[in-house]
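Keep the sequence and the 3D view side by side.

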Amino acid sequence: MEYDVVIVGAGPAGLSAAIRLKQMCSEKGVDFSVCVVEKGPEVGAHILSGNVFEPRALDELLPQWKQEEAPINVPVSSDKFWYLTKNRAISLPCPFNNEGNYVISLSQLVRWMGMKAEELGVEIYPGFAVSEILYDANNKVIGVATNDMGVAKDGSKKETFQRGVELKGQITLLAEGCRGSLSEKIMKKYNLREKAHAQHQTYALGIKEVWEIEKGKHNPGAVIHTLGWPLDQKTYGGSFLYHLSDSQIAIGLVVALNYHNPFLNPYEEFQKFKHHPAIKSLLEGGSVLQYGARTLNEGGYQSIPYPVFPGGAIIGCSAGFLNVPKIKGTHTAMKSGMLAAEATFDALHEGSDMETYWDALRNSWVWEELYRARNYRPAFEYGLIPGLAMSALERYILKGKSPFTLKHGKPDHEATKVASLCSQIQYPKPDGVLSFDVPTSLHRSNTNHEHDQPAHLHLRNAKIPELVNLPDYAGPESRYCPARVYEYIPDEKGQLKLQINAQNCLHCKACDIKDPKQNIEWTVPEGGGGPGYSVM
């Protein structure tokens with residue numbers, strides 16, 4: 001199938017690019033064909049985010065969004081920032097300015113954007129997982145291919161077998177979200193990090209639940225962020241608690257993946273967090289509606305790769321535009337998609353170069369915003385207190401204009417210490433009221449994969465788990481994965497062997513990032529598999 005533009009991923013960046021392209025077509029009286037491929041079973045099914053939404057990019061893209069009934073209707077009404085000790089919540093000056101922002105479900109917003117894109121003539125294909133980049137003889141990208149459907153675990157073709165589809169485009173835009181599997185390959189192939197003198201990307205894992213709480217405790221638009229307990233002083237991270245509409249709240253814990261102790265379990269830290277007196281009193285009497293997890297980019301300005309490759313560009317969180325101190329990346333991802341769309345239109349219509357996207361990005365408010373925020377995240381390399389002191393200096397005195405740019409520490413997988421240097425962490429058993437075991441949570445994520453298919457999680461060396469990860473690091477993959485995909489199980493001789501439960505996968509990508517030897521490669525499963533988020 002041939003198109004003018006092929007976009008991989010129907011998230012905020014991909015859909016913003018598709019919408020902007022079609023807007024320009026109608027402005028200039030031309031018609032370029034635009035196709036968006038999405039691995040989720042429907043648009044929005046794999047989208048998970050906090051999300052306090054800054055409407056700046058949407059105001060530019062679809063200025064009539066209020067009249068057109070976008071699912072954005074809970075303005076931020078209050079903003080609190082707490083430092084937690086085990087039993088207390090100490091109020092700190094709030095570093096966020098959320099005036100004019102909204103508490104939303106990003107999966108719902110993306111579904112609405114998908115409808116807007118289709119109204120403009122964009123073709124969207126959910127349930128198709130793109131597994132391959134297509135190149136011409138000169139190593140230029142000429143499109144993508146989806147994987148075959150109906151292949152059994154042993155590689156044989158089932159009765160439901162369908163050959164993958166080649167989607168060829170004059171320009172291909174990759175909008176796969178954080179740690180996109182194709183984007184990572186493209187960055188390596190064309191040395192895009194080196195080309196921009198960018199540092200490695202750094203990541204965090206966000207674990208989230210949506211609760212329905214008692215009406216009397218609900219305060220629409222109330223926003224709370226916390227630092228401190230249950231994480232130790234060396235581990236960067238914090239929690240969020242946002243009051244949505246209809247007595248619903250979004251609650252989650254974000255843990256930076258450069259944590260040191262291999263015994264740390266982000267999922268269990270989140271379960272523990274919900275028992276804090278200030279949180280527990282809000283949740284009691286409520287019930288969980290949905291659970292999910294996703295990694296996010298925290299590298300910011302220092303880690304942005306050169307985003308243009310022969311035949312296309314990388315947009316949104318695949319390139320990493322999250323503003324860490326704001327804890328917001330949707331507006332910047334959308335804007336990057338819009339700028340790439342404008343460069344794409346000019347390339348198709350006037351024969352200009354896609355490099356104009358890079359120039360436009362560096363002259364945009366995205367660049368200015370990330371430059372001002374560049375020193376917050378790396379300041380926490382030195383621990384919580386120095387990080388807070390440095391952040392206060394940046395925010396209130398230097399106002400983002402400091403004469404230096406801090407560097408990130410080691411890549412996340414190298415930050416893990418060997419188990420013998422760390423103390424074990426004992427986590428309390430879940431009570432089934434506020435805290436839950438992984439299978440219960442997994443059920444709430446609506447995760448579903450066709451069981452009889454080749455595993456989409458590949459070990460580059462099958463021996464490393466038993467020879468390195470287990471003896472040296474006490475099997476950290478059994479803890480950093482929030483879906484119990486990785487389990488060490490005794491074989492008939494009583495030797496522990498790694499078992500991969502690929503059908504549990506939430507597509508969070510933590511394994512691809514945190515494995516100490518970078519031995520796990522995350523690839524796409526059969527299209528339509530994975531979580532089924534509706535309110536995340």
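Q: Which residues lie nearest the centre of the second largest pocket?
A: This is a predicted model, in which local features need pLDDT of at least 70, side-chain atom pairs count only at pLDDT 80 or more, and totals for chains, interfaces and linings use all residues. Residues are numbered from 1 along each chain as its sequence is written, and side-chain values use heavy atoms, with hydrogens and water left out. On a 1 Å grid over the protein atoms alone, a pocket is an open set of points with protein on both sides within 12 Å along at least five of seven lines, and lining residues have an atom within 4 Å of a point. The lining here has 22 residues, and those nearest the centre are Arg179, Glu184, Lys188, Asp512 and Gln518.

Q: Which element gives the largest share of the lining of the second largest pocket?
A: Helices (H or I, at least four residues) and strands (E, at least two) are DSSP runs, numbered from the N terminus. Two or more lining residues come from each of helix 4 (181-189), helix 5 (192-195), helix 13 (412-415), helix 17 (510-514) and strand 23 (520-522). The largest share is five residues, and it comes from helix 4.

Q: How many residues of the lining of the second largest pocket are charged?
A: Asp, Glu, Lys and Arg count as charged; Ala, Val, Leu, Ile, Met, Phe, Trp, Tyr, Cys and Pro count as nonpolar; the others, Gly among them, count as polar. Six lining residues are nonpolar and five are polar. The charged ones number eleven.

Q: How much space lies in the largest cavity?
A: A cavity is a set of grid points where a 1.4 Å probe fits but cannot get out. Points are joined across faces, edges and corners, and a volume is the space filled by probe spheres set on them. The whole structure has four cavities of 30 Å³ or more. Residues lining the largest cavity include Leu227, Tyr236 and Phe380, and its space is about 100 Å³.

Q: Which strands stand at the edges of the seven-stranded open sheet?
A: Two strands pair if DSSP finds at least two bridges between them. The order is 5-4-14-15-16-13-17, with mixed pairing. Each edge strand has a single partner, so one side of each is left without a neighbour in the sheet; these are strand 5 (89-91) and strand 17 (287-297).

Q: Which residue takes a positive phi in the hairpin of strand 21 and strand 22?
A: Strand 21 (residues 486-490) and strand 22 (residues 496-500) run antiparallel, joined by five bridges. Pro490 faces Leu496. Five residues lie between the strands, and the one with phi near 85° is Gly494.

Q: How are helix 1 and helix 8 oriented to each other?
A: Axes are lines fitted to C-alpha atoms, for helices over the stretch in contact, and angles run from 0 to 180 degrees between N-to-C directions. The axes of helix 1 (residues 12-28) and helix 8 (residues 330-350) come within 7 Å and cross at roughly 40°. Angles under 35 degrees count as roughly parallel, over 145 as roughly antiparallel, 65 to 115 as roughly perpendicular and the rest as oblique. Helix 1 and helix 8 are therefore oblique.

Q: Which residue does a cis peptide bond join to Trp229?
A: Omega of this bond is about 5°. Trp229 is joined to Pro230.
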